[in-house]
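Then we'll walk through it piece by piece.

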Amino acid sequence: MPPNSLATVYADESDDKSRFVIACITIPTLSISGPSSGPTGATVSDDWDRYYKAAKEWRAGLKRDFNIPVGKELKGSKLATGRNQYDEGKRALYGTRAIQAYKAALARLDFLPPSSAFSVCASRSYRMYGHRKLEASLHALLQRLEKQAKSQDALYQLFFDEGHNEYRRLYRKACVHLPTGSALGGWPGGGLSRSLPLQSTIKDANFKDSKFSHFVQIADIVAYATLLKARAERGALSPKEVRLGTGNLHDEIPRSILNTRVVRGGTDGIVRLT
């Protein structure tokens, strides 16, 4: 992203009561280029609209190839398990055909910006500065979003799927106090953590009905694919899931859109908190 720009972050979560995942995608929204003074002044570009049009084409492709209605909310858990009415909006899309559709939905996300997606997965027992489960995942996500925004000299606005009011509470706390560890094992002076409050986000934490947002739905299918990958790594998939290869769904996400820098030496854009 260019400096002096605004991006919109969309996040959604998934869990199986033992592992808690939150995934996000960052969509460039507005960018300013050129001098702020002079005969023409600065140029403001509406970047969001370009990605929204691409997202609509993405959904149109799933309708064309798998009969999934564009207006039907796409959820990873429903698609992978077959508990849906995605086949023309009337019948279940299940088994191998459903997994093919899931793979296609992920593989075709190459229209997203480079390094725009990552996930955080926390085990049930993991604690981060007093937070557990989804809140621990969100805490780690906010840490990395702040670092990412500062590296890009950008501002972010955040949208979460509806249903988690505790996200707004934790977000507001993070704007005042956000304990953050050092990748080098400690900060100058010997401290293991330092408060680096959110300063690169605007407004408040926002909520959006995922039914009406392609981008929140993308975050959802990335989150569930991450959950399945985490379960596969722990040998926790069912025999049916193993047979269908659901543990490999995350591998279908184009490597170019994964932010691998969220973990030192990482390759898949997943922060594992275990």
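Start at Asn67, which sits in the loop between α1 (47-66) and α2 (76-81). Helices here are DSSP runs of H or I with at least four residues, strands are runs of E with at least two, and both are numbered from the N terminus. Before going further, know that this is a predicted model: local features need pLDDT of at least 70, side-chain atom pairs count only at pLDDT 80 or more, and totals for chains, interfaces and linings use all residues. Residues are numbered from 1 along each chain as its sequence is written, and side-chain values use heavy atoms, with hydrogens and water left out.

Most residues other than glycine have a negative phi. Asn67 is also partly exposed, with a relative accessible area of 30%. On this scale, buried means under 20% relative accessible area, exposed means over 50%, and partly exposed is in between, using a 1.4 Å probe and protein chains only. Lys203 is another non-glycine with a positive phi, this time about 60 degrees. You'll find Lys203 in the loop between β9 (193-195) and β10 (206-208), and its relative accessible area of 68% makes it exposed.

Now step back into helix α1, where Arg59 lies. Is Arg59 buried or exposed? Arg59 is buried, with a relative accessible area of 0%. Leaving out residues up to four places away in sequence, Arg59 touches Ile68, Pro69, Val70, Lys72, Leu74, His214 and Gln217; touching, or contact, means heavy atoms within 4.5 Å. Look at His214 in particular: Arg59 and His214 are 155 residues apart in sequence, but their C-alpha atoms are 8.1 Å apart in space.

Helix α1 also has a packing partner. Two packed helices are described by the angle between their axes and the distance between the axes. For α1 and helix α3 (residues 95-107), the angle is about 155 degrees and the axes are 11 Å apart. The axes are lines fitted to C-alpha atoms, for helices over the stretch in contact, and the angles run from 0 to 180 degrees between N-to-C directions. Angles under 35 degrees count as roughly parallel, over 145 as roughly antiparallel, 65 to 115 as roughly perpendicular and the rest as oblique, so α1 and α3 are roughly antiparallel to each other. On the α1 side, Trp58, Leu62, Asp65 and Phe66 make the contact, while α3 brings in Arg97, Gln100, Ala101, Ala104 and Ala105. Sorted by class, that is 6 nonpolar, 1 polar and 2 charged residues. Here Ala, Val, Leu, Ile, Met, Phe, Trp, Tyr, Cys and Pro count as nonpolar, Asp, Glu, Lys and Arg as charged, and the others, Gly among them, as polar.

How do helix α4 (residues 133-152) and helix α5 (residues 165-174) pack? Their angle is about 40 degrees, with the axes 11 Å apart, which makes α4 oblique to α5. From α4, the contact uses Leu134, Glu135, Leu138, His139 and Leu142; from α5, it uses Glu166, Tyr167, Arg169, Leu170, Tyr171 and Ala174. The class count for this pair is 7 nonpolar, 1 polar and 3 charged residues.

Next, follow helix α6 to Ala225, which is buried, with a relative accessible area of 0%. Apart from neighbours within four places in sequence, Ala225 is in contact with Tyr102, Leu106, Leu249 and His250.

Arg19 lies in strand β2 (residues 19-33) and is buried, with a relative accessible area of 16%. Arg234 is in the loop between α6 (214-233) and α7 (239-244) and counts as exposed, at 59% relative accessibility. Setting aside neighbours within four places in sequence, Arg234 is in contact with Arg19 and Thr274. Under that condition, the contacts of Arg19 include Cys121, Leu227 and Arg234.

Finally, zoom out. The chain has 7 helices and 11 strands, and 52% of its 274 residues count as buried. Among contacts between residues at least 6 apart in sequence, 64% join residues at least 24 apart.
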